[in-house]
Amino acid sequence: MNYDAYFCKRLEELRSEGRYRIFADLERVVGKFPRATHHAAHGKREVTVWCSNDYLGMGQHPTVLAAMHEALDRCGAGAGGTRNISGTNHYHVLLERELADLHQKEAALLFTSGYVSNWAALGTLASCMPGCVVLSDELNHASMIEGIRGSRAPVRIFAHNDPADLARKLAEVDTDAPKLVAFESVYSMDGDIAPIAELCDVADAYGAMTYLDEVHAVGLYGPQGGGVAAQQGLSNRLTVIEGTLAKGFGVVGGYIAGSAALCDFVRSHSSGFIFTTALPPHVAAGALASVRYLKSSSTERETMHSRVARLRTRLDNIGVPHLRNPSHIVPVMVGNADLCRQISDILLNDYDIYIQPINYPTVRRGTERLRITASPFHSELDIERLTTALAEIWSSSLVRDSVGGLRASFRTMEVAHVADMAGAG
C-alpha cells in the first residue's frame with residue numbers, strides 16, 4: 001500500500017468538500033485582546049478575533065499573569081513528574097480545593113485538559129462499575145463520546161435535551177444496574193442549555209448518577225462563576241460536575257468535582273490521570289488566580305452578556321441569520337461548507353476579522369456556521385465593524401446567489417433547533 005498516496009487522497013477529499021482545516025497563525029498580544037497579530041505569507045497585520053473561547057479575556061488578566069510569573073520564578077517550568085511521583089505541587093492542591101468550593105462539592109481532581117478530564121473520568125466510572133449502563137445525550141462532546149466508548153460499557157443515546165426520552169431509555173435498563181446519565185449544560189455549537197433540573201428528576205427516579213459537562217459555562221454563569229447548575233441552584237443534584245480551565249478561566253487544564261470518595265476513586269483508577277505528567281505549577285497558579293478572581297467579580301460576566309445581547313440585536317437589524325439561544329454563543333448559520341470557508345476568508349482578508357468556519361464533523365453536514373463569541377473587551381465599534389462586514393457580505397453576489405438555499409437551510413435548522421428547545425422545556 002502506498003500510505004502517503006492514501007493520506008493525500010483523503011486530504012484532497014476534504015479540500016473538495018470545503019472542509020480542509022487551515023489554521024490561522026495568530027500571535028496574541030498582552031493588553032490588546034481581542035486583537036491579535038495574524039502572520040500570513042504576504043506579511044502580518046492586526047486582526048480582531050471573534051471566535052475565541054477565552055470568553056472573558058482572563059488569559060491576559062494582570063492578576064492571572066502576575067500569579068503565573070510568581071509561580072514560574074518560584075517553582076520553575078514543569079511539575080517534574082506525574083501527580084503520584086513527585087509531581088503534586090502545592091498549587092495543584094490549592095486549586096483542587098478552590099474548584100471543589102466553587103461547585104459546592106467535597107473534592108475536585110485536576111487533569112491536563114477538559115478533553116482528558118471527560119475521557120478519563122467517564123471512561124473510568126463506566127468501566128469500573130460492573131454492569132454500568134451509560135445514558136448519553138445525542139449531542140455530547142467528542143471527549144465524552146470517546147470516554148464512554150473507551151469504557152466498553154453499554155450505552156443508550158437519548159434525544160437531545162429530552163427528559164421524556166431519557167426516562168424511556170432508563171425504563172429499559174435493569175433496575176439493579178449502575179446507571180450514569182451524561183450531558184452538558186451549554187452546548188458549544190448551538191448554544192442551547194440543558195434542562196438540568198428535569199434531567200436530574202428523571203435520573204433520581206431511576207437511581208442513576210448524573211455527570212454534567214460545564215465546560216462552556218464555568219466562569220460565565222452563576223454568582224461566582226460556578227456554571228449553569230450554580231446559577232440555577234442545582235449543584236447539589238449533580239453527582240459529577242466537569243469543567244475546564246481553558247475557556248472562561250483563560251488558562252488550560254480540566255477537572256471534575258464530586259464527592260471525596262468519587263474523586264479518590266477516579267484518582268486511583270484512571271490511567272488518564274495516573275500515567276501523565278501533572279500541569280506545570282505556574283499554569284495551576286494562573287488558573288487558581290482566575291477562579292478566585294471570578295468568584296469575587298461579576299463585572300466580566302455581566303459585560304460579556306451585554307455585548308452578546310447587543311450583537312444579536314445588530315444581527316437582527318441587518319438580517320443575518322443566527323440561532324436563537326439563551327447562552328453567550330452566537331451561531332451565524334451558513335449551511336454550506338465551501339461557502340462558510342469563503343465567507344471566513346473574506347472577513348479575514350478584506351475586513352481584518354477572524355472567525356473560523358465550523359464544518360462537519362464538529363457540526364452536522366448542512367449546518368455549517370460561523371460561531372461568534374463576544375467578549376467583555378469587544379467594543380461597540382467592534383460590533384459595528386463586524387455586523388457591517390457581515391451585512392456587506394450577505395448582500396454580495398457570493399451569498400446572494402445562494403440566498404434561497406441559505407434561507408431554506410436556515411429555516412430547517414431553526415425549526416429543528418426550536419423543536420429541541422421545546423422538548424427541553
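Tutor: Let us begin with Phe33, which counts as buried because its relative accessibility is 13%; buried means under 20% relative accessible area, exposed over 50%, and partly exposed in between, with a 1.4 Å probe and protein chains only. This is a predicted model, in which local features need pLDDT of at least 70 and side-chain atom pairs count only at pLDDT 80 or more, while totals for chains, interfaces and linings use all residues. Residues are numbered from 1 along each chain as its sequence is written, and side-chain values use heavy atoms, leaving out hydrogens and water.

A pair of aromatic rings is described by the distance of the centres and the angle of the planes. Rings of Phe, Tyr and Trp (its six-membered ring) pair if their centres lie within 6.5 Å; planes under 30 degrees apart count as stacked, over 60 as edge-to-face and the rest as tilted. By this rule there are 3 aromatic pairs. One of them joins Phe33 and Phe377, and it is edge-to-face because the planes stand at 80°, with the centres 6.1 Å apart. Phe377, at 44% relative accessibility, counts as partly exposed.

Phe111 and Phe273 also form an edge-to-face pair, with 5.7 Å between centres and 75° between planes. Both Phe111 and Phe273 are buried.

Charges come next: one sits over a ring if NZ of Lys or CZ of Arg is within 6 Å of the ring centre and within 35 degrees of the ring normal. Arg15 lies over the face of Tyr20, 4.2 Å from the ring centre, and the charged end of Arg365 sits over the ring of Tyr360, 4.1 Å from its centre.
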